[in-house]
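Please read them alongside the coordinates.

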Amino acid sequence: MRQSAWRKITRDLTLDDDSVEMLFDLPALFLLVGLVGWAALSWRKRSTDPYAPLPIIGHLHHFLGQPKYRYMQWYLRRAEHEGAGKTFEVFLPGLGRCVFITDPQCLKHVLTIKGKEFTKTGVFAKLRKDFYGTGILLAVGESWRAQRHAGQVFASQSTIENVANILLPQDLQRMFAAFDQAAAEDKVLDFWALAAELTLAVFGKVALDVDSDRFLAMVAQPFDHALQGISRRFTNPLWKLAETLTPEGRSVRHDIKAVRAICRAFVQETVEELGNEQVGEKAVHEGRALFIRALMDSTKPMTLDELADSCTVFIIAGRETTADAMTWTMYALLQHPTSLEKVVNEFRELPDMPNAEVLSHLPFFNAVINEALRLYPPVPTEMVENTSPHPNMLPDGTLVRPGDLVLFSPWVMARLKDRWGPDASVFRPERWFEMKHKPSAYELPTFYAGPRSCVGQTLAKVEMAVMFKELFARYDVERGWDGSERVMGEGLTCPMKGGLPIKVSRR
Ligand code: HEM
């Protein structure tokens with residue numbers, strides 16, 4: 001793309017947006033401050049229920065300004081307090097009544113049986129629309145069907161082979177170069193940053209056909225920043241004001257626009273190239289831009305903006321989640337040296353075969369990633385909304401009124417002792433060999449469940465297998481921190497707070 005076009009994109013990203021309109025939220029701020037004061041004064045005596053909501057502010061004080069891991073722990077304590085499978089209510093100004101479920105039958109009801117009535121087109125869409133646009137995570141109807149079909153085509157066996165055998169090994173060289181340098185200088189590395197770079201590079205190529213270095217240089221930083229900003233909206237009822245008045249808030253909006261504009265420009269480039277592609281040149285692009293190809297072949301014709309939104313959201317869905325999964329798996333292995341040794345031995349004994357097939361030959365590693373994904377699900381909480389005009393009764397008798405949100409959390413569900421036993425919170429891969437039945441997606445919704453469940457589950461697991469296989473074949477890895485427990489950081493997914501410091505040396 002010509003320089004001038006890129007300059008135009010940058011110029012278009014000035015802050016001349018609808019910010020002024022947001023200032024009309026100022027009265028809301030004063031009203032809220034007044035109400036909070038009134039609530040605090042009028043609150044005489046706490047009821048005997050330690051989880052009872054406060055007047056007006058509900059449970060906001062457990063969330064506002066709290067790091068994510070704290071309020072996740074609060075959800076867990078509350079779920080344990082109520083008893084496994086019991087639904088409870090959370091009240092948050094701006095979000096209203098939230099019904100928190102941990103019962104698999106209730107989850108099946110919400111995601112599948114009455115899935116059409118529980119959608120993300122209400123509050124959820126309001127909080128993310130400016131970033132996700134018409135992309136799959138917010139899409140409904142024909143647009144969703146077309147994108148989902150393209151996603152399934154994209155995440156099929158041929159993409160898995162292409163990623164595992166060609167693209168991932170290429171992009172792993174960047175990670176290993178960083179390892180070699182850190183080993184030579186005896187430095188500590190942030191494994192999360194390298195994993196996030198790796199998965200972004202792979203997605204850039206496979207989805208958009210963009211050269212990794214160029215893609216990373218332009219997108220990585222604004223992408224991460226925009227995602228962090230969006231995640232803060234959930235716990236800050238005054239997010240519009242914050243994004244209008246504070247420099248940090250304004251820069252979040254700027255980065256959201258930047259990522260969308262950059263992705264659009266890349267999509268335009270790729271679409272033009274694909275249009276010019278001669279039969280003889282096809283091999284040049286073989287295995288790349290697969291997602292755009294699948295979208296362009298879909299039944300629903302898409303505009304350039306729709307294609308760009310779809311690609312951006314696809315990257316959001318697949319990149320950060322896989323990087324988080326890689327990071328927490330590495331963390332779990334470093335905290336459990338016996339499991340680490342078993343994994344390294346299992347990789348060492350692998351017969352020679354294409355990378356795309358290794359996962360099916362690694363029973364212990366499979367148990368390790370299942371266990372890491374159980375304890376550290378990359379999407380720790382989820383929400384849908386009763387967007388139908390009718391109240392809806394859950395199987396346990398809870399009434400969900402129109403506009404109510406339903407929350408659930410694979411992170412919480414995986415830690416319930418009644419369901420997983422007294423060692424529910426312990427990393428123990430062996431449990432996966434002891435189970436009589438593997439948990440259903442409704443019992444452990446790490447990859448969501450029902451018609452909108454994740455299309456990239458196998459691709460993500462194969463990426464993890466290849467990355468760890470190649471890595472442990474070359475390097476010994478040890479902890480680069482004091483060994484204390486690490487917690488989740490901020491973001492839409494489940495990144496690790498402060499990253500994962502590791503030390504590496506050549507085997
Ligand atoms: C360990 C890695 C992954 C985890 C834990 C994960 C988890 C999830 C979850 C929880 C959802 C539901 C999100 C929502 O509706 O709010 C989802 C949806 C989705 N995921 Fe993944 N994902 C992973 C990797 C991937 C990869 C690698 C891809 C790319 C092929 C992908 C593509 C998608 C798509 C397209 C959807 C939307 C499905 C729909 O709305 O119909 N995911 N994923």
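1. Two strands pair if DSSP finds at least two bridges between them. Helices (H or I, at least four residues) and strands (E, at least two) are DSSP runs, numbered from the N terminus. Strand 1 (residues 88–92) and strand 2 (residues 96–100) pair in the antiparallel sense, over five bridges. Glu89 stands opposite Val99 in strand 2. Three residues lie between the strands of this hairpin, where Gly94 takes a positive phi near 95°.

2. This is a predicted model: local features need pLDDT of at least 70, side-chain atom pairs count only at pLDDT 80 or more, and totals for chains, interfaces and linings use all residues. Residues are numbered from 1 along each chain as its sequence is written.

3. The ligand is surrounded by 23 residues (C-beta atom, placed from the backbone, within 6 Å). The closest are Gly318, Thr321, Cys454, Gly456 and Ala460. Helix 7 (141–154), helix 15 (304–335) and helix 21 (457–474) each give two or more residues to this shell. Helix 15 provides the largest share, six residues.

4. By class, the shell around the ligand has 14 nonpolar, six polar and three charged residues. Here Ala, Val, Leu, Ile, Met, Phe, Trp, Tyr, Cys and Pro count as nonpolar, Asp, Glu, Lys and Arg as charged, and the others, Gly among them, as polar.

5. Glu197, Leu200, Ala201, Gly204 and Lys205 in helix 9 meet Ser212, Phe215, Leu216, Val219 and Ala220 in helix 10 (C-beta atoms, placed from the backbone, within 7 Å). The residues of this contact divide into six nonpolar, two polar and two charged.

Methods. Contact = placed C-beta atoms within 7 Å.
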